[in-house]
Amino acid sequence: MSPPPFQTFFAEHRDAVWRLLVATVGPQDAEDCFQETWLAALRAWPPRDTTNLKGWLYAVARNKATDEHRARARRPLAHADPPETSTVGAADPEPGLWADVGRLPEKQRTAVLHRFVADLAYDEIGAVMGTSPEAARRNVHEGVTRLRQTWQTSRS
Amino acid sequence: MADLSFLSSGPGVPDAVLDRFLASAEPDVAVGTVDAPFGRVWVAVTARGLARVAFAEDVYDELARRLSPRVLDVPGRTDAVRRQLDEFFAGSRQAFDLELDESLVRAGFQRKVLDAAATIPYGAARTYGEVAEAAGSPRAVRAVGSALGANPLCIVVPCHRVIRAGGGLGGYAGGLPAKRWLLDREADSRTLPAPTDA
C-alpha cells in the first residue's frame, strides 16, 4: 500500500490533534506540542507500518505532550521570559464540561480524550497508552460513567 | 443522558499556530495554488526547483508516488512561482525565470518532445507534426500528443503552443478552454510591445 501524501494526512488530523493537545496540556503549551508533534511526524513520514497511521500519530503526540510536561516540571518557577500570549482565540464554548474531563483520573481522562477527540479504536488507544485494548475500553467506560455521574449530580 | 459530542467538536487549530508550523516544516515537496482565469493550478516545488504544474487535485497522490510522500501545502515556498504565473496570466510576463526540477520528465522521447516545445516562442504555435520532426521521429505524431499531455511542467514548458495542422486545438491536460485561453492571452499580448525588464 502506497503511503498517503503527508498533506492529506495532516489536513485530516490536524484539528483533532490540536483539540487533544489543548485538553491534555492546555492551550498555551499545546502550541509547542503541536509544532513538535507535526514536525516529528513529517520527518518520520511515512512510518513503516501504514496500517495504523492514526495510532502512530497519537503516540507521537503523547510523547511530545509528556516531554513538555517533564520540561515544565524542570523549569525554575521564576522564569526569565515573559509568558507567551496564547494565540488561542475565543473562550471554549463548553468550559465546564472540559473542566470535568480535566478532573478525571489520568488514565480515564487520557482514554476518554483519545476515544472521543482523536476517535481512536480501543486497540489504538491501548497502543498509545501502553495497555491492552480491554484496559483501554475499561478506562473509557469508567471515565464516561464518572462524567455522567458528575453531570447528573450538578443538575440535581 | 450525557452528551459527549462536545469532545469531538470545537475550534480547530488556530491560523497562527498553523502558520508557525508551516514556517518550520521542511517537506520534500511544497505545494501552492494559483487561481488562473481558466481554473485552479497546482504548483509543486522541491529543493531543486519547480517540479510540477498541474490542473487537478490528484497531483498530491502523483507527487507522493513519483517524488516523495513528504509533500505539504506550504504556499510561502511557492511564492516566486505563483507570482510569475500570475504575471504570465496578466500578460505582463512572457518568459519564466525559474529553477526547474525535471525529475518528472521521462528521459528519451518525452524529453525530446518537451525540449522542442520549449523552443516555441511566446505567441507562436507549432503543429504536432513539426514537433515530431524536431524530436527526431517525424511520423510519431500521436506519441507526441501523449508526451505533451504528460508534460509535468504545463504552461512553463509551453505544450499549449502545439496545435493541429488544420488549426484545431488538439488536446490539453488542463482542458481545451484553458489551452484556448492561454493562446488568446499570448496573441493579445503580442500586439503590444513586450514588457521591458524592470
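Me: What joins the side chains of R93(B) and E87(B)?
Reply: In this predicted model, the two side chains are joined by a polar contact of 2.7 Å, a term for a pair of N or O atoms within 3.5 Å, where within protein one must be able to donate a hydrogen and the other to accept it, and residues adjacent in sequence count only if both atoms are side-chain atoms. Local features need pLDDT of at least 70, side-chain atom pairs count only at pLDDT 80 or more, and totals for chains, interfaces and linings use all residues. Side-chain values use heavy atoms, with hydrogens and water left out, while residues are numbered from 1 along each chain as its sequence is written and chains are lettered from A.

Me: Which backbone oxygen does the R93(B) side chain reach?
Reply: That of A95(B), at 2.9 Å.

Me: And where is R93(B) found, and which residues does it touch?
Reply: R93(B) is found in the chain B loop between α4 (79–90) and α5 (109–118), helices being DSSP runs of H or I with at least four residues, numbered from the N terminus. Leaving aside residues up to four places away in sequence, R93(B) touches Q84(B), E87(B), F88(B) and Y122(B), where contact means heavy atoms within 4.5 Å.

Me: Switching topic, which residues of the largest nonpolar core touch the most other members?
Reply: This core has 52 residues, and those touching the most other members are F6(A), F34(A), W38(A), Y58(A), L7(B), F21(B) and L72(B). A nonpolar core is a set of buried Ala, Val, Leu, Ile, Met, Phe, Trp, Tyr and Cys residues joined through side-chain atoms within 4.5 Å, and buried means under 20% relative accessible area with a 1.4 Å probe, protein chains only.

Me: Which element gives the largest share of this core?
Reply: α1(A) does, with 16 residues.

Me: What does W38(A) touch?
Reply: Beyond residues up to four places away in sequence, its contacts include F6(A), F9(A), F10(A) and, from chain B, F21(B).

Me: How many residues are in the second, separate core?
Reply: That core has 36 residues, among them V113(B) and Y122(B); Y122(B) is also one of the residues that R93(B) touches.

Me: Last topic: at what angle do α4(A) and α5(A) pack?
Reply: They pack at about 135 degrees with axes 10 Å apart, the axes being lines fitted to C-alpha atoms over the stretch in contact, with angles running from 0 to 180 degrees between N-to-C directions.

Methods:
Helix = DSSP H or I, 4+ residues; strand = E, 2+ residues; numbered from the N terminus. Buried < 20%, exposed > 50% of the residue type's maximum accessible area, 1.4 Å probe, protein only.
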